[in-house]
Each structure stands twice: as C-alpha cells, then as structure tokens.
Amino acid sequence: MVETLRILHVEDSERDFELIQRAVELSGHDVYGMRVETGDALTAALVDAAWDVVLLDCSMPRFDSLRAIETVRQYDLDLPLILVSGTIGEELAVGLMRAGAADYIMKDNLARLVPAIEREVVDAGHRRARRAAEARLHDRERMLTAAQQVAQLGSWVLPLPAGRVSWSEEVSTIIGGEPPEDAEDLQFFLNAVHPDDREGIEQLIFSAVSSGEEVEVEHRVIHVDGSERWILLQVGSESAADGRPSRLVGTLLDITERKRADQALRDSERKYRLLLEQAADGILVTNDQGRVEIVNSRACEMLGYTPEEFMGRHIESFLEPAELAERPLRAEQLRSGQTLRNERSLRSKGGGYVPTETSSRVLDDGSVQIIIRDITERQEAEAALRRSEQEYRQLFERASDAVIIIDIERELVLDVNPRACELYGIAYDDFVELGLRDLAGHFVNGHAEDAARLLVREMQGHEAEIRHTDGMQLHVLVSASLVEFRGHRCALSIQRDVTDQKRLEEQLRHQALHDALSGLANRALFQDRLEHALSRARQAQYDVAVLVLDLDRFKLINDSLGHDLGDRMLVGVAARLLECVRDGDTVARLGGDEFTILLEGVANMREVTLVAERVTNALRMHFHLDGHDIVVTASVGIAVATHGSGTPETLMSHADVAMYRAKDAGRSGYVIFDPSMNATMLERLELETGLRVAIDRGQLRAHYQPTVDIKSSRVVGMEALVRWEHPTRGQLPPGAFIPLAEEAGLVRMIDQWILGHACRQLAAWTESYRDAPLILNVNVSAQSIQHPDMVRDIAAVLDETGVDPQQLQLEITESVIMADAGATHSRLRHLKELGVRLAIDDFGTGYSSLSYLKRFPVDTLKVDRSFVDGLGTEAEDSAIVEAIISLGRALELQIVAEGVETDVVAHRLQELGCSLGQGYRFARPLPADQFERLLAAGFSVRLDWQSRRAG
C-alpha cells in the first residue's frame, strides 16, 4: 500500500465525507482526502493532483454518476473507482459497475470499505506495472526485429602451440561480455558453451587440431544476459611449412533466428494439420495432374476411404459420368482464378453416392484445394419443408393459438382456426361472415375503431382484453403480420390466451413484494412505500415515523424449540403487529426476526409512542404453540421525519440506532432516536475497527487471577483474563470490548490468542515451579465452542506448548452448553478424550434443569459471585451455596467460589466445605510478572482471618 492514501470523494454531504475519512483513518492509514460535488470540480481535481482511489456517491441529485465514471476513466484507466452510497437501484448499480466501477459499498456497512480500497489500490498498481512492462516488451520486440535483419558472424584465431587469442567484435555480440585481450586459450568461449554441449565442443576442437580437417557443428551457448542461443561453429587448423598446426581458426554464426524459424515452421505445419483434421468439412488437395496429395479425416469419414486409399487417386474416380464431360470447362475456369461452387454427388467406397456441395480453387503452387460439405441433412430438410407446406392446413387447424385471417381491403374475416372459435365462443360459419368492425367489437377497454386498426397492422405482442360471447373477459397477446392469401392482401392475426399467465404474474408480483412466511410487506415494498410517504409528507407538511422492531432472544427460541415453531411464532407476531396499527399504515418483515412499521400522517409524537406501547404490550401476551406458553418481547427503535425531511436510508438508519439503544437499555421497550446516538455508534465503529487490529499490533494483555486453596492459603491455579491496552483509552477490561467482539464475530480470535498466550506462560511456570503443578482456567465463548475446528485448535496449542492437558481447564457457561446441546456434547466429549478439564462458569445463573450435569463430562462448578456476595448476611444465598456444594460432592465435582472479597465470606465458605476460592480478597487479576512474584513467594496468599483465629 501507499504511505499516504490519497482519496478523491465525489460526495455532496460534508458529514458523510468526514465519516468515511474517519473510518479509513481508524484502519491505520495516513489519509489525504478531497471532496468535490460537480463535474468541473472533479475534472480539475483529476488534472491537478494524483489520486489512489475515487469514492463516488451515486445518489447525488444534481450529479450524473455515469458521467463521473467516464471522466475518471478518460483521465486514468487504472484509477480505481468505488461506489459508496446509502442506496441505489439494482439496474443503476449494474450499469455503473459495467461502466467501470470496481466495487459497491453501502454507507451503513463501512466495515467493507477499507478492505475494498486496499484491494483496488494494490490491483491498480499491478495494472500500471503490467502496462509499463508491456511497453518495454514492445520496444524490445521492435529492436529485435531490426537486429534480425543483420547477420551476426564472429571469429577467433588461436596461434599454436602457444599465443594470444584474437577475437572479432561480433563475438562479444554473440556471446556477451568482452573477451580478454591477453587470453592464451579458448576458455572465454568454452565458458559460454551450454554445459550439456561443452564436452563435445572440446573434443571437436581437439579433433580439428589433430586431424587438420575443418569441422562444423551446431550447438548452444549461454549469453551473458542468461539467454540461450544457437550458433554454427566452424573450426579448422592451418599448418606451418613443417606440416605442424600453426594456428586454429574458428567462426561463430548466430543461427538462433533460423532455429526459431525452423521450429515455427514445424509448429505451423502441426497447426495446419490440426486445423485440417478438426475441420467440419472434408478437404482434399490435388496436384496439377488431379491426383490427391492431402486429405483430412472428415473427407475419409464422408466417403468411406482410408487416407492410404485416397492418396494418389485421381479426382475423376469420385465423379459421376455426367460430371466428366464438364471437366475441361471447369478446369479452364479454375485456371482463370475462379472459385467454383457446385452441388454434386461423389462416389463412396461402397459404390453409392453422397450428395455434397464442393468449393474448388487453385492454390499458389498450382495444386487444387477442394472443400467438401455433406448436404444430406440439408436436402432432407428441404424435403421436410415441402412436406410441411403440404401439412400447413393441419398445423393451422391444430394451432394452440387463435389464428384469424382478415382481408384488409374488404374488411372481412376470410378464415379462422378452431382455437379462434373457442376463444371468442363463435361458430366457424358465423366467424367467417364477420366484418372487421364486428370482430373489433369484442375488444374491451377501448373503442372498436381502435381495435379495428390494431388488427390489420404489423405488430408483435400487443396486450389486449376481449369478451367471450358468454361475457367472460380474457387477456390476449395479439401479433399480426401482412400476408398474401387467396390472392388478397390480408392480415394474419395470431392471438394467444394469456389469462392464466396474467393471474400468475399478479401472484408473482405479490410474492416479490411480500414476505412469504408472514404475508407482510417485504423490504422492497416497504422501501417503496417509505419513499412515497416522505414525498407526500414534504408536499402536505406532515410527519412520517418509522418503527424498527427486533425480537429479543429469538435465537434461543429457535435453537431450543425448533425453527418450525419459531416460524409459526413469527406469523403470530405479524398478526399482532397488524392489530396495533391503522388501516393506512404499513407493517413489514425485513427478514429473520426484524419487523418495521411505517406511520404516515403523524400529528404528534404521542401518536407514535402509543403505537410502540401497543406493540410491546401485544407481544408480551403468551403465544400458545404445541403445548408451549412462550412470551416474547421486542426492542423498538423510533425515528421521525418532520415534514418528510431526510431520506429513507437516513430514517431507517436512525431507527436502527434507536433500536440497538433499546436493546442496550435492557430490551422490551422503545427508544426515540436522538442525534447524539450517532456519536455513540461512531464510537462503537471506532472501537470495533481498533479491535480488529489489536492482536496484530500487540495491544492485548493477559492477566492472571489466582485460584486459592482456602484452608492452606496456597495458589493452586489461575484464571487467564484478557485486557486491551488501547492506544488512546488506556487499559480496557473485558466488559468494555468482549460484547462488541461477540457482535462483530471477533471473540473467537480473542479466545485463540488468550489460550495460546496463557498456555505458553503456563509451560514456562511449570518448568520453573515443578513442585506445585498449576491448573490454568481459560474462558471459552459460544462462537469458539460452536466452531467445527475448536477441538483441533486446542489440541494444536497443547502440542505446540507441551502443556499437560490435565493442567488446562476450559470454562463454559450454562447458556453456551444448552444453545446447541447435541453439537456441544460431541465437542466436549472429544476435549475430555484429549485430557482437558471442563468447568461450568457462573453456575446457578442459567438453566433451571440440572440434567445436563449428568450428560456432559464436567469436572468443576464455579459458583457465581451473585450468590457468594451474600454469604454470612443473606440466608437465601447461604442456602443456595450450600446446596451447590452438596450437589458437587454428590456428583464428585470440584467447587470453586467466585467473587470472594471479605474475610467473612472466606470463613463461611470453609465452614460450608468449599475448598477453593477466587476473588479480590486473595488477589486481583495480575500481570504475568506480578503473578510470578506470587509464585516465587511460595504459592501462598495470607488470610488475615486465619491469622486472627490462630492468635
């Protein structure tokens, strides 16, 4: 990526511009941005500065989005352009993407924006690099073409028996590099010879010296640039007066291009043969004597001969006797350069004749190429056409569409088929006596005069309605063409009954705009009605309100009682919502358990809140389904457009924000949107964006809270807890970011980090403090438990760190266990097979049924702090804790009390028989270095109340 990301925004909203800029900055980029909102400003910005990406709001009312894309593409083909808008129609979106937009991002889903920008900027860089490389390649090809026109011949001379080699300049060109001026051997040349050819060349040179004869060989050399070249090497020796060799002379001719040409020729021949064999038509080539020299497989297949039987055979042997008499004339026509096309029958090997269409022409070398096409099927088709003309009347009579032939000049019906009689309810004899205006009188929703003109003109697919003689109205699709019939200029009117199709279209239209499960309006219909409501409100100066409802904990109902019952409950919710609104209001289901209500013509805010109260009260009433009494609540967000101000997207976004605020406030209520809520949502977005990179930037920390044996005061284990060292907010506890991580799907990533980090720390402490093995407790989220790779990931961490599985205890809440009991049971069983221990965290706050304690392989129960806090002061809490301890003993489970903060609580736990505790009374969660000092002090946490009792 670039160091500073330069973004050009085509955007008419300063607020949206700042929001997008902020979202990109939060991803870690240094950003420079500019906003333009006119075509001239866009052109000026493109000319004056270089940009990495253009973000285009395609919903600007006074700006042509397509013209903007064309402007950017004219300026720079490789500059990526991304659509960033609140809404856009599908047709426009497709058109803009085809015009050159790289991606489309909704403004209410900016989490996709940064990855899209990063991807497109990188791709644009690759495209520019590729274009530059292609330009360089083009230049090199041009230079190579020029170089191929000049033969390159180098030479060298080596005096014998010893002397300095002299080299021509062309040797440097052929081999590359500069030959040494004082070389006394040919090592410079031999070093350039391809390693596979080098030994043979050395022997050849030796042979030239010893035999005195000139030798010649083609071989390869490696040019200094690394390329492989072919040269023709000629070596000979010259003798002195005494007959001994006096010097060795060699010439080097670069034949690389010749070699390439030879290979290209071979490739061309292979391709020609391949095309010849793959041709759909038969191909023959005869010599100037008329004998076959080339034949393809299709010709052999067509006439039944083998290629060997074809070769050398005279073309006349395939012709009928009548054809032979015309051979001289056709030969003369071929020699004149004409291409002859004929239909003729060629003799097959079996003695019969195959009907063909041939095309013959003389090639440059005097040979004749003949292309043969089998026209058996065409002739059969022509015969079938003749038969079809004979059968025309049968087809006319049996046509499924009504066919009416009308004499245009006399305005009379000349002929009709039975289907036309059925369509109109008129007998044939009566039909053919009708005048044009009588026939037009059966058309409804229009004047007979218009229908008369319609029936006698060229047209395709005109929709109309006609009336049957029994009074029933039918939809027809009318097409007409002008024909000659019985010597008259006529109109052939074809009318198709599409009544059933129209009904089906109406049903499909309804299905396209309504939710299939509940019958309510769907998102598309709701959006359309909201747009029209805002438009009317702006004209009439009244208010419009939108309520967004999300059912609370609906997933729990689906998971526990099944999707079929959940769907039936959604239908019941839809029915109750309809009872809470006025006749003119719209109730829609957007999907899942999310509903919306559109209130139009709102006089005051009280009208809106009354609807919200009716909705929340109606949903609190029990649903009776298959013997189950189910109570469901909803969180409702309300947004109001005063006098129709704002856009549908803004109104829906505000209602969504208010709905989430209602959920945060405890659910089962409604919240009215306030502009300050946007700041909260932006803060959540910033936090989520930062959390996505927290691990990569090393911002997560592990703290360890000891688990203490209350009686001996010894540390027997610890719970690993995650902290986020935020760069601006300081250290954040889990409650400040774990819920957000769960919503954003990031909590499994955090689980994996804390598990790996804590296991590596445990391995180090186990090595240093062997006498007291520690139990490491790590919390596991629902997302991790439900992931199919969960067991494999934990096994990999244990294998990597060498931690004994018995030292690792995973803490799981009751709600996580019961969310998908079947799959959870399987994964927990596999974890037990690894040797890992399992604990139920916050025990007592979840499901009332304890049957899962028998089904699931649990080792430890951790008593929730809400019960532990009241020990010694609240009799009910003491009874609950005592019952849990007794239950644990009966099931042979270990009990750990959470939230031990006072001496009184610690003393009471020991009296009740709870041996292990955890809480601020012993120690707060500690960084690793401080926890290790605790271990170095002897694994002991001193308890004041024990000291006082001993004293």
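Mentor: Helices (H or I, at least four residues) and strands (E, at least two) are DSSP runs, numbered from the N terminus. This is a predicted model, in which local features need pLDDT of at least 70 and side-chain atom pairs count only at pLDDT 80 or more, while totals for chains, interfaces and linings use all residues. Residues are numbered from 1 along each chain as its sequence is written, and side-chain values use heavy atoms, with hydrogens and water left out.

Trainee: Which strand holds T286, and is T286 buried or exposed?

Mentor: T286 lies in strand β11, residues 282–286. Buried means under 20% relative accessible area, exposed over 50%, and partly exposed in between, with a 1.4 Å probe and protein chains only.

Trainee: How many bridges join β11 to strand β15?

Mentor: Two strands pair if DSSP finds at least two bridges between them. β11 and β15 (residues 368–374) run antiparallel, and the number of bridges joining them is 5.

Trainee: Which residue takes a positive phi in the hairpin of β14 and β15?

Mentor: Strand β14 (residues 353–362) runs antiparallel to β15, with 7 bridges joining the two. V362 has V368 of β15 as its bridge partner. The hairpin has 5 residues between the strands, and the one with a positive phi near 90 degrees is G366.

Trainee: Why is strand β22 described as largely enclosed by the rest of the structure?

Mentor: Strand β22 covers residues 586–591. It is joined to strand β23 (residues 594–602) by 5 bridges, and the two run antiparallel. β22 is called largely enclosed because, of its 6 residues, the number buried is 5.

Trainee: In the hairpin of β22 and β23, which residue takes a positive phi?

Mentor: In this pairing, R589 stands opposite F595 in β23. The hairpin has 2 residues between the strands, and the residue with a positive phi near 60 degrees is G592.

Trainee: Which strands are at the edges of the open sheet of 5 strands?

Mentor: The order in this sheet is β7-β6-β10-β9-β8, and the pairing is antiparallel. β8 pairs with strand β9 (residues 228–239) over 8 bridges, and I222 stands opposite E228 in β9. The edge strands, each pairing on one side only, are β7 (166–167) and β8 (215–222).

Trainee: What separates the C-alpha atoms of S237 and E214?

Mentor: S237 is in strand β9, and at 16% relative accessibility it counts as buried. Its contacts, beyond neighbours within four places in sequence, are A208, V209, G212, R247 and L248. S237 and E214 are 23 residues apart along the chain, and their C-alpha atoms are separated by 7.0 Å.

Trainee: Why is the pair of Y704 and W765 called edge-to-face?

Mentor: Rings of Phe, Tyr and Trp (its six-membered ring) pair if their centres lie within 6.5 Å; planes under 30 degrees apart count as stacked, over 60 as edge-to-face and the rest as tilted. Y704, in strand β28 (residues 700–709), and W765, in helix α28, are 61 residues apart, and both are buried. Their ring centres are 5.2 Å apart, and the pair is edge-to-face because the planes stand at 70 degrees.

Conventions
Contact = heavy atoms within 4.5 Å.
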